[in-house]
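Hi,

Here is the structure I promised to pass on. Please open it and keep it in view while you read my notes below.

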Amino acid sequence: MNIVVIGAGGIGAFYGMILDKVGCNLTFVARNETLEFLKNNKMKVTYQNEVMEKKIDTYSIDELINKFKPEDIDAVFIATKAMSTEQISKKLSSWTENSSNIPYYISLQNGVENEDIMEKYYKKEYVIGGLTRLIVSHTISLGHVHCEGEVQTLLGALNHTNENKKFLDELKLILDKTGTTTFVCEDIRLELWNKLIINNGVNAICALVQEESGPLIRDEKTSKLIYGLMSEAAKASNAVGVNLTQDDAKKMFELMTNFQSVKPSMWVDTENNRDLELDEICGVVIRNCEKQGLDAPYTRTISTLLEFVYNKKRAKIKA
Ligand SMILES: NC(=O)C1=CN([C@@H]2O[C@H](COP(=O)(O)OP(=O)(O)OC[C@H]3O[C@@H](n4cnc5c(N)ncnc54)[C@H](OP(=O)(O)O)[C@@H]3O)[C@@H](O)[C@H]2O)C=CC1
Ligand SMILES: CC(C)(CO)C(=O)C(=O)O
């Protein structure tokens with residue numbers, strides 16, 4: 001399978017390299033210093049005492065569009081932060097607009113709105129929703145990503161067809177060879193919202209207090225904040241007809257209680273002075289609660305405080 005992975009960071013580098021290892025023909029799309037580095041150097045991914053290290057063809061998105069025809073690629077994975085989805089999808093739209101045969105376009109991102117954005121610019125039957133869980137994967141130095149966790153991938157078409165089912169079954173067979181676990185889901189939106197419960201529960205609060213999920217979820221008082229955050233995400237889902245319940249929030253809370261302590265990507269982003277997926281995670285919860293005439297006080301408080309403290313820190317760095 002010929003695949004392109006857009007975003008050679010924690011998630012993109014990991015998925016790209018495991019797929020390359022099992023025989024896929026991989027191309028990375030990167031930008032800035034990662035692009036310059038990968039044009040001349042190998043990508044290195046460490047995972048479970050294994051070192052995957054290889055020189056991978058890497059291009060900017062404009063170079064990709066000029067060099068390849070959509071017909072040459074079977075799947076494009078988007079593994080950037082959710083803030084980049086719109087810009088990337090617009091580019092892919094101009095690339096594919098005159099082609100009869102286009103690649104499947106698969107998100108591995110956090111957030112519940114990436115797929116809606118992708119569908120605005122891309123043929124709906126070719127948009128595949130996805131998420132990755134039980135994974136912690138980060139760039140530890142330029143061109144070196146370290147990954148931990150059991151790694152589960154959930155994938156599903158938003159608009160089911162026989163063709164996209166066949167493609168997903170084939171992709172699952174390939175992913176099964178990587179030693180990770182993949183589920184093809186009938187209702188990927190439901191799974192995306194379940195994941196949002198986890199991200200709303202731990203990402204911003206861990207970034208704010210600079211603590212891993214384990215200590216916060218084991219502490220009697222802070223665990224109530226995490227439960228409140230998760231519970232608001234479940235409530236928010238009702239605004240878009242996903243209808244998660246408080247039981248679902250409880251299940252996700254228990255899952256995180258039993259999962260290894262994690263340092264969420266949002267905390268790592270604050271350490272690296274990067275933009276945060278605050279609007280894509282907490283903003284979505286607040287907006288969808290408001291649509292139902294509800295407040296989301298836990299989410300509002302934690303996300304507002306994080307934004308305030310982080311903006312202040314960034315302003316200091318700039319000055
Ligand atoms: N890291 C983790 O453990 C987990 C992350 N996720 C989710 O996965 C997604 C990816 O996260 P993560 O891997 O941590 O992100 P990273 O920030 O580590 O990597 C994203 C990469 O994409 C690049 N990028 C962004 N926009 C473009 C563009 N237009 N063209 C080319 N490259 C681009 C970034 O470049 P630059 O460096 O220049 O910004 C960066 O190298 C997020 O939605 C995150 O929430 C989900 C589960 C766990
Ligand atoms: C919370 C976690 C680790 C769950 O996989 C995640 O999605 C993230 O770091 O953003």
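This is a predicted model. Start at the β-α-β unit built from strand S6, helix H4 and strand S7. Its handedness is right-handed. Helix H4 covers residues 85–96. S6 spans residues 75–78, and S7 spans residues 104–107. These two strands pair in the parallel sense, with four bridges between them. To find the pairing on screen, look for Phe77, which sits opposite Ile106 of S7.

Stay with S6 for a moment.

Now go to strand S1, residues 2–6. S1 also pairs with S6, again in the parallel sense and over four bridges. Here Val4 has Val76 as its bridge partner in S6. S1 is mostly covered too, with four of its five residues buried.

Which other strand does S1 pair with? That is S2, residues 25–29. The pairing is parallel and runs over five bridges. Ile3 faces Leu26 of S2 there.

Trace both units yourself, then write back with questions.

Best wishes

Terms used
Residues numbered from 1 in each chain as written. Chains lettered and ligands numbered in written order. Predicted model: local features only at pLDDT ≥ 70, side-chain atom pairs only at ≥ 80, totals over all residues. Heavy atoms only, no water. Buried < 20%, exposed > 50% of the residue type's maximum accessible area, 1.4 Å probe, protein only. Pairing = 2+ DSSP bridges. Right-handed = clockwise from strand over helix to strand, strands pointing away.
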